[in-house]
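Subject: Structure for your review

Dear colleague,

Please find below the structure that I am handing over to you. I would ask you to look through it first and then to read the notes that follow.

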Amino acid sequence: MNRGLAGILTGRVTSWLVVVAWLLVMAGSAGFAAKLADVQNNEASSWLPESAESTRALERLAPFQDPNAIPTVVVYERAAGLTEADLAAIEDQAAEIGTIDGVAEPTEGRAPPVVSPATAEQLGFPAVSEDGRVAQTSVTFDLGAEGWNEMPGIADELRSIAALDGVEVYVAGAGGQAADSAEAFGGIDTTLLAATLGIVILILLLTYRSPILWVLPILSAIVALFVSQALIYFLARDAGLTVNGQSYAILTILVIGAGTDYALLLVARYREELRRHADRHEAMAFALHRAAPALLASAATVALGMLCLLFADMNSTAGLGPVAAIGITVTFVVMVTLLPALLVITGRWIFWPRRPGFGSAEPTQNGVWARVGRWITPRPRQVWVVTSVLLAIACLGLLRLDTNGLSTEDSYTEEFQSVTGQQVLVDAGLVDQSNTVMVVARAGTDAAVAEALTGLEGVEPPKPAVTSGDVTFVEAAIGSDPASTAAFATVERVRDAVHDLDGADALVGGSSAFFLDTRDAANRDNLVIIPVILLLVLLILMVLLRSVLAPVILIVTVVLSFGAALGISAVLFEYVFGFAGSDPGFPLFAFVFLVALGIDYNIFLMTRVREETRHSGTRTGALVALTSTGGVITSAGLVLAATFLVLGTIPVVFLAQLGVAVALGVMLDTMVVRSVLVTAINMDLGGRIWWPSRLDAAGHAAAPAEARVPAGHAR
């Protein structure tokens with residue numbers, strides 16, 4: 001941003017116009033932002049990779065199964081054993097369940113939509129455990145495209161109908177999982193925002209030591225969030241953008257966290273300039289002129305990094321890319337227009353009680369990071385070598401990271417009804433008849449398909465085949481949790497068996513097949529997208545720093561920081577939190593946020609080093625940059641870490657792990673990697689860091705042992 005434009009945006013009249021314009025935009029956006037939750041798509045099918053076998057099977061299943069069908073299981077348990085009266089009541093309740101709005105219509109050749117214990121016996125499979133303690137009634141709902149969003153109300157109605165004195169009732173199966181998922185993300189638009197803002201406000205109060213200054217960054221961040229949500233709402237409603245509870249939660253965290261980071265950097269630079277300029281408008285013009293390039297580079301890196309997710313096979317991952325990119329772009333625009341205008345309108349008093357007076361001393365000259373810089377100066381090589389070795393040791397924790405996926409039971413940090421009900425069925429020796437492998441093949445091969453399924457480990461006897469046109473459909477229940485490793489192994493055995501049938505052209509779908517394909521797609525995305533993002537960030541740094549060596553070194557430090565963060569996180573997940581494993585997509589999500597956001601701090605630090613190098617040389621410039629930005633980078637990291645930890649309030653293991661890993665990685669980045677490791681490398685290499693540029697031709701000369709930050713950072 002050139003100084004003329006910065007001056008225009010922060011002028012005495014134009015600053016008021018900027019504020020009024022943004023308030024009008026926010027007022028127009030608020031209503032649409034509130035509707036974003038209404039266009040979320042949390043159906044499992046919306047996450048499917050289009051090329052997956054389960055997706056292709058789903059398309060061929062259309063003649064046999066409505067794609068909106070939601071199989072649900074009502075589980076009954078009496079510790080002392082179900083009585084005859086209980087079983088009679090369960091039969092009566094099954095008839096009442098069949099009258100609920102949304103129960104699927106009967107289909108010729110298929111099991112009825114409601115299967116009570118008695119009906120199950122007629123169909124040839126048990127629905128009451130051998131010890132008589134547990135029984136199940138299965139029901140299939142067809143609630144249309146919005147069925148998954150309506151399942152919480154349906155689940156409540158099922159519990160009301162199935163209530164029996166002394167009998168525990170659970171709603172399980174796909175319908176129960178949908179209801180519990182909705183509960184897990186329930187209130188996310190208010191509770192997550194409130195928790196995030198509360199933590200950020202507390203940190204800003206401690207950082208600024210002002211009872212009022214925090215209001216301006218928070219107000220700007222809220223404006224950015226509402227405008228982002230409104231734009232995303234229109235794209236989800238009219239352009240087919242996939243938004244789910246996961247991307248909704250991450251958007252809130254990202255906008256508040258990144259917005260506060262940008263605000264911290266800008267306010268810190270503005271405070272510096274207020275000590276050099278008597279006129280606050282002139283001070284802001286200089287501050288914005290000098291800070292905006294770093295903010296722009298940071299926002300562009302994050303936005304482009306997020307857009308790399310469009311290369312993902314997973315629709316849910318690909319959908320997060322545009323959502324996050326829009327959030328970051330809007331946040332940048334708000335923070336370089338609205339926030340500066342608010343700051344110059346309010347004047348120096350907003351910093352009360354520590355107002356930065358014209359000509360006053362810069363307090364950072366004697367702060368913690370100035371002392372760290374003086375400690376590094378005599379021994380930069382030893383510092384960066386030892387730091388690198390310690391981070392490399394932390395990377396060894398990656399050997400404990402299990403990304404083979406989580407069963408339904410292990411996917412939540414709280415115990416939900418669907419999980420408990422599933423476990424009750426397993427313990428009772430009953431098979432959840434709602435979890436099946438669905439094989440579609442050419443007509444006339446149904447006998448061969450059924451024979452291939454018969455006797456396979458983990459597969460119940462197949463149900464009678466149904467044929468429609470040139471396609472036949474064979475279904476068999478599998479006795480494992482849909483998302484378990486055992487179920488995946490069963491699906492792979494089924495696929496191996498039916499794929500070998502000549503002329504069958506068989507495809508295998510179903511819930512477990514979907515989860516298996518999701519795992520495989522996530523593993524593929526990890527291998528493809530991580531290198532693409534690294535290459536993109538490297539190119540951006542080369543353009544920004546006009547160097548080859550510095551960007552390469554920075555990328556290496558980013559990878560080292562990421563590995564250390566994930567290594568330590570893996571140890572914490574296993575030995576402290578007791579998580580059974582991690583989602584296959586966890587490494588990619590952690591990488592995207594740690595690298596895209598961690599590179600911010602590289603940019604903030606190295607652009608300042610480059611700026612100071614022109615005046616004082618690289619080694620002194622590194623000290624000035626550390627002294628000037630160390631505090632604000634640390635504060636920014638603390639804000640971002642705290643906001644991501646808020647994800648732990650959502651009882652989903654994936655989000656809890658993501659929050660912990662990103663928070664830990666950000667703190668490593670700000671406290672160790674950027675402030676110690678990168679600074680030590682800058683001091684050791686001197687002007688050579690800018691190769692092939694000769695920005696500091698004499699910068700490789702030995703640095704004095706007691707190098708000092710120039711007083712006032714004079715220009």
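A residue is called buried when its relative accessible area is under 20%, exposed when that value is over 50%, and partly exposed in between. Asp505 has a relative accessibility of 43%, so it counts as partly exposed. Please keep in mind throughout that this is a predicted model.

Asp505 also deserves attention for its backbone. Its phi is positive, at about 50°, although Asp505 is not a glycine. The residue sits in the loop that runs between helix H18 (485-499) and strand S8 (507-509).

Arg546 may be read alongside it. Here too phi is positive in a residue other than glycine, with a value near 50°. Arg546 belongs to the loop between helix H19 (511-545) and helix H20 (549-575). Is Arg546 buried or exposed? With a relative accessibility of 55%, Arg546 counts as exposed, because the cut-off for that class is over 50%.

I turn next to the protein as a whole. It contains 23 helices and eight strands. Its radius of gyration is 30 Å, close to the 27 Å that the globule rule gives for 715 residues, so the protein is as compact as a globular protein of that length. Along the principal axes, the C-alpha atoms fill a box of roughly 90 × 50 × 50 Å. Of the 715 residues, 58% are buried.

Helix H21 (residues 586-616) has 31 residues and reaches 44 Å from its first C-alpha to its last, close to the expected 45 Å. Of these 31 residues, 28 are buried, which leaves H21 mostly covered. Just after H21 comes Gly617, with a positive phi of about 90°. Helix H9 (residues 215-238) has 24 residues and spans 35 Å between its end C-alpha atoms, close to the expected 34 Å. Just after H9, Gly240 has a positive phi of about 80°.

Thr387 lies in helix H15 (residues 380-395). Its relative accessible area is 11%, so Thr387 is buried. Which residues does Thr387 contact, leaving aside its neighbours within four places in sequence? They are Val672, Val676 and Leu677.

Ala162 is found in helix H6 (residues 147-162). Its relative accessibility is 0%, so Ala162 counts as buried. Not counting residues up to four places away in sequence, Ala162 touches Val74, Tyr76, Gln93 and Val169. Ala162 and Ala135 are 27 residues apart in sequence, and their C-alpha atoms are 12 Å apart in space.

The bond from Trp691 to Pro692 is cis, with omega near 5°. Pro692 is located in the segment after helix H23 (653-685).

Yours sincerely,
A colleague

Note on methods: Residues are numbered from 1 along each chain as its sequence is written. This is a predicted model: local features need pLDDT of at least 70, side-chain atom pairs count only at pLDDT 80 or more; totals for chains, interfaces and linings use all residues. Side-chain values use heavy atoms; hydrogens and water are left out. Helices (H or I, at least four residues) and strands (E, at least two) are DSSP runs, numbered from the N terminus. The expected span of a helix is 1.5 Å times one less than its number of residues. Buried means under 20% relative accessible area, exposed over 50%, partly exposed in between (1.4 Å probe, protein chains only). The radius of gyration is taken over C-alpha atoms; the globule rule is 2.2 Å times the number of residues to the power 0.38. Contact means heavy atoms within 4.5 Å.
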